[in-house]
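Hi there,

Here is the structure I promised to pass on. Have a look at it first, and my notes follow below.

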Amino acid sequence: MTQGIAPPVVGADRVLAVLAELARHADGASLEEMTRAVASPKPTVHRALAALCRFGFATRNGHGRYALGDEFLRLAFAHHEARPDHLRITPVLTALAERHGETAHYAVLDGHTVVYRAKVDPPVGALRLSSQIGGRMPVHSTAVGKLLLAYALTDDDAVAAWVRERPLARFTPRTLTSAEALAAELHTIRAQGFAVDDQENESGIVCLAVPVFLASPTRPSGAVSVSAPVSRTPLARLIAQAAAIRATVEAR
């Protein structure tokens, strides 16, 4: 190569195809393996890998195997952490709304209330709920609230102290209004991994919520729920779908 002349530019689509394929090989891949995978000439793939290596998006070890580079991972994780929660979770809500035909919410804990950060209604043919993004709901009478409270208050004394700060208002005949009942419910939630609202906040509406771990593997940043009119989706049906709902959230 003539000194001072930049290496030839590889088509952006080919570079991205190589990068996407490289991401599928956690243990790295050889030039020959990459060439077969992307079905391109070896010189083309080699130039793409060289371009990625120059920018730190790929690395080549002493055995001639390529892997994703630290710079690519740094940018990916930095971007992921910088994205607002609602942007990161909205695709999950969309998938849940489409799969189950009901409204999906994402909410976070704020004192004695939960705040809805995102909401996706089912695409067609279903009743839209009146909840609003930015709206607040009580903690003790909602599935998302109780789910998050189960992680925040881990023993009965903590629950009792929390209840003393503000009495538990009754919204329907099913609302939990005592520290003892709430503590028992939180024990159940921790054991089963999800929370339900059995017409406790609003008559005729049921809900199931699961945790979302965006920043910590042990403390949820929020909760995702599927809410429905009980006349169309009984609570028992939501509970039967709890594992599938949780799998959708965890696969985000």
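A quick word on naming: helices (H or I, at least four residues) and strands (E, at least two) are DSSP runs, numbered from the N terminus. This is a predicted model, where local features need pLDDT of at least 70, side-chain atom pairs count only at pLDDT 80 or more, and totals for chains, interfaces and linings use all residues. Residues are numbered from 1 along each chain as its sequence is written, and side-chain values use heavy atoms, with hydrogens and water left out.

Let me start with serine 225, which is found in strand E9. Serine 225 is buried, at a relative accessible area of 1%; buried means under 20%, exposed over 50%, and partly exposed in between (1.4 Å probe, protein chains only). Setting aside neighbours within four places in sequence, the contacts of serine 225 (heavy atoms within 4.5 Å) include Val144 and Cys207.

Val144 takes us to H6. Eight of the 10 residues of H6 are buried, so this helix is largely enclosed by the rest of the structure. Among the buried ones are Val144 and Lys146.

As for the cysteines, cysteine 207 is buried at 7% relative accessibility, while cysteine 53 is partly exposed at 28%. The disulfide count is zero, a disulfide being a pair of cysteine sulfur atoms within 2.5 Å.

Next, the largest pocket. A pocket here is an open set of points on a 1 Å grid over the protein atoms alone, where a 1.4 Å probe fits, with protein on both sides within 12 Å along at least five of seven lines; lining residues have an atom within 4 Å of a point. The largest pocket holds about 310 Å³ of space and has 21 lining residues, with Tyr116, Ser131, Met137, Asn201 and Glu202 nearest its centre. Strand E6 (136–138), H6 (143–152), E8 (205–212) and E9 (222–229) each supply at least two of the lining residues, and E8 gives the largest share, three residues.

Finally, two backbone angles to look at. Most residues other than glycine have a negative phi. Alanine 39, however, has a positive phi of about 55°, and glutamine 199 also has a positive phi, near 55°.

Best wishes

Definitions and conventions
Grid points are joined across faces, edges and corners, and a volume is the space filled by probe spheres set on the points.
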